[in-house]
Each structure stands twice: as structure tokens, then as C-alpha cells.
Amino acid sequence: MTQVPPPFDPELAAALELIKDVVSPGLTMDEIADVRQGSGIQMLADLDLTLDGFFEVEDRQVPGPQGEPDISLLICRPAAPVGAGPLPVIYHVHGGGMIIGNNRVGVAWPLAWGKELGAVVVSVEYRLAPEHPYPAQIDDVYAGLLWTAEHAKELGGDPERIVLAGASAGGGLCAALALLTRDRQGPRPIGQMLMCPMLDDRNDTPSSYQMAGLGIWDRTANETGWTALLGERRAGPDVSPYAAPARAEDLTGLPPAFLDVGSAETFRDEVVAYASRIWQAGGVAELHVWPGGFHGFDGFAPHAALSQSAVAAQLNWLRRLLAG
């Protein structure tokens, strides 16, 4: 039976039309190198990460997982005093399907939140698949969180008020990180912002079939990303929840979560299911399903009305979390 996809929001459909020759829905393993070259990541080096001088910006090498290379943290802290006492810390994990990206990708949103709310932003770089399969990514992200919690005070931050934040693969890694630090009794984040997170390696939901060949990051691209991470283990019986958080059997004891996703994207059903399972486990979650949204729409079409609503919801959740 043919799966009829939900329609794109009209403004977003127009944006997709403009970028269709640059960003395609699918991606295969043999295209990863070309995508890395053509992703525009090099241009991120020219971004003003200070936001007109609000932040002091530093790249710092810190210890990685035991026996592994150091990792790079992008540290952005307010240049002038903001309020009284130590500041909250937004610990950002970049997206890129586990296969592309660096700690500049997607950091514009955390920087905007940090400027608005008065927060330190730390964005972690992690090793990429397929050259570095699981568990390199979560190990790096956890090592970065440990360092951030241990050194928060010297950054002007509060180690008791760390928020995890990431989009797409970064959202999935944040969800995995919340599970891992709970289980290892590590740092205890006060919240996890999971924006269109990549959660389930099985790639078998109705939305993954509905959106095949459409939008951005369809089921072919999703299979590529998960196969790069897990190899032959993908979709098999022995995938760790620290790789694919949808595999977790126990979602108790997690920090409050914000989850959002578009109704017209591959990840819709796995995100809705994850939020529902957090509630079923007695946890706290706020879920937004943006009607007609494609994957990452608020970044690709920031001026669209739906994008403005999504960005406002993210900021409002953070404001309430930090005021609590």
C-alpha cells in the first residue's frame, strides 16, 4: 500500500524548491566524501561567534576518552558580567547524521539562547563515522561533558545547571548522553533539548516510508548514517541504547526533555514515540510536531512563520527551565 506523505507547509515547500539542487533527500555511503566537501562547513570559520562582542570565544583541547585523542571544545562565555552568580551552561552537540560536521555546525541557536538568557555555551567536537564507528561519538561527547562539569566554575558557569542541546544526530547524541550519564552516575543535566533528533537505527516507522525521496534526510540517507555508525549491527538485535536511544528499555530518571520534529520528515514517528515513552516512564517532556515541517526547516528557512514559532518555543522552554 502506497504511503501518502503529509504536505509541506507552503512557505517551507517554496524554500525546498529553492535548495533542491543543493540539498537532496538521499545520501549513499559512497557520497559521504563529496557531501563533506560540499557542505559549506569551511564557511563556518568566518562566522562571528562573539555575536558583536557579547561572547569571548576560545577553542580548547581537552582530554578525550581514556586512551583516545583529545577533543576540541568551542567555549563561548559572556565577555561582561551577566546577572549575579554562576551562569547556566548550554552543552551543544552538533548534527550531521554522525558523518559530517564540527563544533561550529548549528551553534548559532545556542549562541542566540546564551545571549538572550545569559549562559555559557560549550560546543563539543566528536569523531565521525564511518572512519570512527560507535562508540567513538558518545564516548567523545561524554568526555566533553565531564570536562565541562568539572571546569564549569572557571568558565563562569554553574555545574549544577547544564542543559544538553542538539539537533538531528546531535539531538540523538544528547538523548544517548542523558541515558549514559544517568547510568554512570555522572554529571546530572537539568534538561535535554532534542531538536528533530535521530533516535532509531531501525528506520522502519511509517514516517520513514512516507517521506522516502522527499524533503531532507530521507530513509536512504538515514540508513547511510546508521550504517556508517553501526556497520552490520544496524537494525539488528544487539544495538546499544547509547548508540540508538530508541532502543532504551528504561527511560526513568532522565532530565526534562524538549522534543520537536516536523510532521513531514523521516524522524516524526520515532520522536513522538520517544516523548510518549518518557511520559509513560513518569518523566517530563514537551513535544512539538510542526505541521508541514521538513527536517531542519527552521535552519533552512528561518524567516518562515513556522520556523519563527519553532524557535520561539525552544527559547520559551529554556527560559522556563532555567527559571525553575
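**Entry 1: a cut-off, then Ser-168.** For these notes, I take buried to mean under 20% relative accessible area, and exposed to mean over 50%. I am working with a predicted model. My first stop was Ser-168, in the loop between β5 (157-167) and α5. Its phi is near 60 degrees, a positive value in a residue other than glycine. Is Ser-168 buried or exposed? Its relative accessibility is 10%, so I count Ser-168 as buried.

**Entry 2: Trp-217.** Trp-217 is not a glycine, yet it has a positive phi of about 65 degrees. I found Trp-217 in the loop between α6 (206-210) and α7 (219-230). With a relative accessible area of 12%, Trp-217 is buried.

**Entry 3: cis peptide bonds.** Next I checked omega. Ala-129 and Pro-130 are joined by a cis peptide bond, with omega about 0 degrees. Tyr-134 and Pro-135 are joined by a cis peptide bond too, and there omega is about 15 degrees. I placed Pro-130 in the loop between β4 (120-124) and α4. Pro-135 is also found in the loop between β4 and α4.

**Entry 4: helix α4.** How many of the residues of α4 are buried? I have twelve of the 16, and α4 is mostly covered. Among the buried ones are Gln-137, Asp-140 and Thr-148, along with Tyr-142 and Trp-147.

**Entry 5: α4 against α5.** I looked up how these two helices meet. Their axes come within 10 Å and cross at roughly 65 degrees. I therefore log α4 and α5 as roughly perpendicular to each other. The crossing of α4 past α5 is right-handed. On the α4 side the contact is made by Gln-137, Ile-138, Val-141, Tyr-142 and Leu-145, and on the α5 side by Leu-173, Ala-176, Leu-177, Leu-180 and Thr-181. A reminder to myself: an α-helix has 3.6 residues a turn, so residues three or four places apart point the same way.

**Entry 6: the nonpolar core.** I asked which residues have the most contacts inside the largest nonpolar core. They are Tyr-91, Leu-259 and Tyr-274, in a core of 97 residues. Helix α5 (residues 169-183) gives the most to this core, with nine residues. I then followed Tyr-274 beyond its neighbours within four places in sequence. Its contacts include Ala-175, Leu-179, Leu-194 and Leu-199, and I also wrote down Pro-245, Ala-246, Leu-251, Leu-254 and Leu-259.

**Entry 7: helix α7.** My last stop was α7. Its end C-alpha atoms are 16 Å apart, which agrees with the 16 Å that its twelve residues should span at 1.5 Å a residue. Nine of the twelve residues are buried, so I describe α7 as largely enclosed by the rest of the structure. The buried residues of α7 include Arg-219, Asn-222 and Thr-224, as well as Trp-226 and Leu-229. What covers the buried residues of α7? I noted α2 (32-38), α4 and α6 among the covering elements.

Note on methods
Residues are numbered from 1 along each chain as its sequence is written. This is a predicted model: local features need pLDDT of at least 70, side-chain atom pairs count only at pLDDT 80 or more; totals for chains, interfaces and linings use all residues. Side-chain values use heavy atoms; hydrogens and water are left out. A nonpolar core is a set of buried Ala, Val, Leu, Ile, Met, Phe, Trp, Tyr and Cys residues joined through side-chain atoms within 4.5 Å. Buried means under 20% relative accessible area, exposed over 50%, partly exposed in between (1.4 Å probe, protein chains only). Helices (H or I, at least four residues) and strands (E, at least two) are DSSP runs, numbered from the N terminus. Contact means heavy atoms within 4.5 Å. Axes are lines fitted to C-alpha atoms, for helices over the stretch in contact, and angles run from 0 to 180 degrees between N-to-C directions. Angles under 35 degrees count as roughly parallel, over 145 as roughly antiparallel, 65 to 115 as roughly perpendicular and the rest as oblique. A crossing is left-handed if the near helix is turned anticlockwise from the far one by less than a right angle, and right-handed if clockwise. The expected span of a helix is 1.5 Å times one less than its number of residues.
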